[in-house]
Amino acid sequence: MSQRIDIQKTYKLFIGGKFPRTESGRYIKWTDKNETTVVNICRGSRKDFRNAMVSARSASGGWSSRTAYNRAQILYRVGEMLEGRREQFMAELTLQGLTNKQAKNEINQSIDRFIYYAGWADKFQQVFSRVNPVSLPYFNFTLPEATGVVAAIAPDDTSLLGLVSIIAPVIAGGNSIVILASESLPLSSISFAEVLHTSDVPGGVINILTGYRSELIEHFSSHMDVNAIIYCGHNTDDQKLVEINAALNVKHVIQFPIQDWSNDKHQSPYHILKCQETKTTWHPIGF
Amino acid sequence: METINIQKTKAIDQVNTRERVSRLFSRSIKNESKMQALYLALSMIDLTTLEGKDSDGKVKQLCYKASHLHYKHPGLPHVAAICVYPTMVPIAKKELEGTGINVASVATAFPSGMADINAKLDEVKSVVDAGADEVDMVISRGRFLSGDYNYVSDEISQVKDACGKAHLKVILETGELVTLDNVQLASDIAMEAGADFIKTSTGKVSPSATPPVVLTMLEAIRDFQIKTGKKIGMKPAGGIGTAKQAIQYLVMIKETLGDEWLSPNLFRFGASSLANDLLMQIMKQSTGQYQSKDYFSID
């Protein structure tokens, strides 16, 4: 009998709930430490980002107008789906240099992070809303609402946990997101997209690109339809560029110079609040 | 009544038409030629609002948009016309005075065309009296599909007479004509009967303007010009919302009918959201940044 050849996965982008190849046709060769496994990763282009932004914008209205309870259920469902794919992520994370123990921890924490934010999705609005005392005949109250579309540069040092820690609070708050996966450890990001595909997250709410930071950061930060930009990294030139470009249309800028995302302090309802707009209502009342 | 003898010129090869469309549409238009195409497409738009919920305010706002496309970018052309329901013609006419923008009105029981011929003619006369420069009529598709071509032809020529000086655009509603052969035949009937423009759709039936249908109509126009020397205009309408699509259609006209049709006098886009997408592309080309709808007026 002839010897069987393993079937390799094609790592593609995740845009609008579909898995297209990059429109540019360019690829990055990714090799593991022992140089035994070679994977082709899409080198996303500015046009891929533009297409992802169109999907994110059109998905944003529907997602933010769902009930908070429904969003919580969907986030929980992502956690469930992730749980069922442990083996695949174990294999990928160890291939990307983690020990078995580290990989197991990273998967556990990624699942738990989704469960954590699923819990907060229908509670943060009550916790952060307030009634303001005013000396006029108005009932005055303030509440947080989704800002819209968030563009994010994911942490480079982790393949899965960093990505998940950025995505979960953003979508728990009713935003949609376009995220650039880790450049040096990109494999699990696309496998995570497969998890999203089988959970009930509507297409376009989460879009995942792979490619070079240096090429895409300019476009992520200058696109006029982006409402908030999250930058995870230590490069001071990049941090500065993001701040300057964000000023074009006054995007929220959120910087996370964090290396180790495993600490529990990196999950917090305040992370949800970072991509929210504050709405205050003056409602007329009698004396 | 005089009868018109329509001869089927040729059968349409569907596969070939699709193939030609995909070859024309894959052409890459960049930089200066793209900018020129974007400006040209803007000047060809019939900015349209045809909703049951249209109000005076909505029409006024659309008229203002038609003449002030984007204040941040001086030197933009204005759109070719505003397209509204008959009751909105007087308001549009007043708002657009002195701007050089035409007022087009749909008539003849748009969008179904299900009315008595006299009622249709009265409607046409009343919109022309109210000041409409262009009239968009619908053909009787039921009659057409049951083979009553003379009825369709007579109706168009009567409407043409009722239009007087106003330009007549004939809507074939190709989404209901089923085959490309029917599209060609309906185009021939409309042109023989006196249409100044032929138009694909009302926008109320799906599918509306599809590329193979538009190519078939453009070829009918070309054949008609070869036969009679008359130049008939073309207006695809419905479903054209992006600058990319608009540029693809411009390539198609140039390759089928030549440079002379690259003008608002002989080509129009029936659209509402297309204008903002073209503006966003123009701003992208000139600033280098992708744009957001947040910074353009509502269409």
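Let me start with one pair: V106(B) has D136(B) as its bridge partner in β4(B). Strands here are DSSP runs of E with at least two residues, helices are runs of H or I with at least four, and both are numbered from the N terminus. This is a predicted model, where local features need pLDDT of at least 70, side-chain atom pairs count only at pLDDT 80 or more, and totals for chains, interfaces and linings use all residues. Residues are numbered from 1 along each chain as written, chains are lettered from A and ligands numbered from 1 in written order, and side-chain values use heavy atoms, without hydrogens and water.

Now the neighbours of β4(B). Strand β3 (residues 102-106) of chain B runs parallel to β4(B), joined by three bridges; strands count as paired if DSSP finds at least two bridges between them. From β3(B) the chain passes through helix α5 (residues 117-129) of chain B to reach β4(B), a right-handed β-α-β crossover. Right-handed means that, with the strands pointing away from the viewer, the path from the first strand over the helix to the second runs clockwise.

Strand β5 (residues 167-171) of chain B is also parallel to β4(B), with five bridges. There, K169(B) is the bridge partner of D136(B).

How many residues of β4(B) are buried? Five of five, across residues 134-138, where buried means under 20% relative accessible area with a 1.4 Å probe, protein chains only. In a regular strand, side chains alternate between the two faces of the sheet. Here E134(B), D136(B) and V138(B) point one way, and V135(B) and M137(B) the other.

Technical notes. Buried means under 20% relative accessible area, exposed over 50%, partly exposed in between (1.4 Å probe, protein chains only).
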